[in-house]
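Please look through the sequence and the model below, and then follow the paragraphs with the structure open beside you.

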Amino acid sequence: MTSDTAPLLADALAAGTLVLDGGLSNQLGAAGHDLSDELWSARLLADRPEAIAEAHLAYFEAGADVAITASYQATFEGFAKRGIKHDRAAELMAESVELGIDAAVEAGRRGSKRPLYVAASVGPYGAMLADGSEYRGRYGLSVAELEAFHRPRLEVLDLVGPDVLAFETIPDTDEAEALLRAVRGLRTPAWLSYSIAGDRTRAGQPLEEAFALAADADEIIAVGVNCSAPEDVDSAVEIAARVTGKPVVVYPNSGEVWDANARAWTGRSTFTAEQVEGWRAAGARLIGGCCRVGPEAIADIRRTLTAS
């Protein structure tokens, strides 16, 4: 992304392992920004875009190769609830990618010699509802209805030119199928990442079936899991690699648990950088962290992968 000579992300994955960033929301929260809003980090696209660029830059400087944008909850419907009209909503979605690109360019100015990439986040339908249903799935919508929800924002993000679309925290196979339909015909490839519990999606489908949906999808360059407990990752990586033959993407939470009613994290962190060696051995080629995993942990992942 930082130069015309940088390899495509798919080619970079074929050559080695890349480090993803950590949780954007916790980095923004650590900087003092209030995210107690249904738009979550997407609110800052309008209010404090420079804060988002600074958060991306912090992760690049910690050793991340890939920044995931602040578009997880950026949808036309979600913005409309806040009185933001369609054209302005599209501008904000596009800006999420541009902020990631700006941060990659700045990291290059500050001395980074690695190719840096931008993944445009595409969260599930439940993220727009902001009621915790993103961790359950099964919203009562058909695959066609979910496809119609996702396609317009995919088209906006695609036009800006991210390196990849990050279909992330997907709770069930219905939504995965909808996204696989919605991405067809776009120029930007995607990865598909489920949120899981044990060896099943959050909605209860076996991971073998969930990953198999993407096995023959040329648009999908990686499959995996995110926003899940670290202890659930090992078997998921093995299943994803075996079922699809594609590179695996993995970025779990810290191990703490989100209480949707209290809108707070509970429990303790179980995430350690040493775990990534096993993930890479099993087929993971994009490795980072999600909620509650910050720049220090990403720096540890970079050091661990570089040393091993």
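Glu 134 counts as buried because its relative accessibility is 9%, where buried means under 20% relative accessible area with a 1.4 Å probe and protein chains only. This is a predicted model, in which local features need pLDDT of at least 70 and side-chain atom pairs count only at pLDDT 80 or more, while totals for chains, interfaces and linings use all residues. Residues are numbered from 1 along each chain as its sequence is written, and side-chain values use heavy atoms, with hydrogens and water left out.

Glu 134 sits in the loop between α7 (125-129) and α8 (143-160), helices here being DSSP runs of H or I with at least four residues, and strands runs of E with at least two, numbered from the N terminus. Its side chain makes a polar contact with the side chain of Tyr 72 at 2.3 Å; such a contact is a pair of N or O atoms within 3.5 Å, one able to donate a hydrogen and the other to accept it, and residues adjacent in sequence count only if both atoms are side-chain atoms.

Gly 22, in the loop between β1 (18-19) and α2 (24-30), is also buried, because its relative accessibility is 6%. Leaving aside neighbours within four places in sequence, Gly 22 is in contact (heavy atoms within 4.5 Å) with Tyr 59, Gly 289, Cys 290, Val 293 and Ile 298.

The largest nonpolar core has 69 residues, a core being a set of buried Ala, Val, Leu, Ile, Met, Phe, Trp, Tyr and Cys residues joined through side-chain atoms within 4.5 Å. Its largest share, 8 residues, comes from helix α6 (residues 86-109).

How values were computed. Buried < 20%, exposed > 50% of the residue type's maximum accessible area, 1.4 Å probe, protein only.
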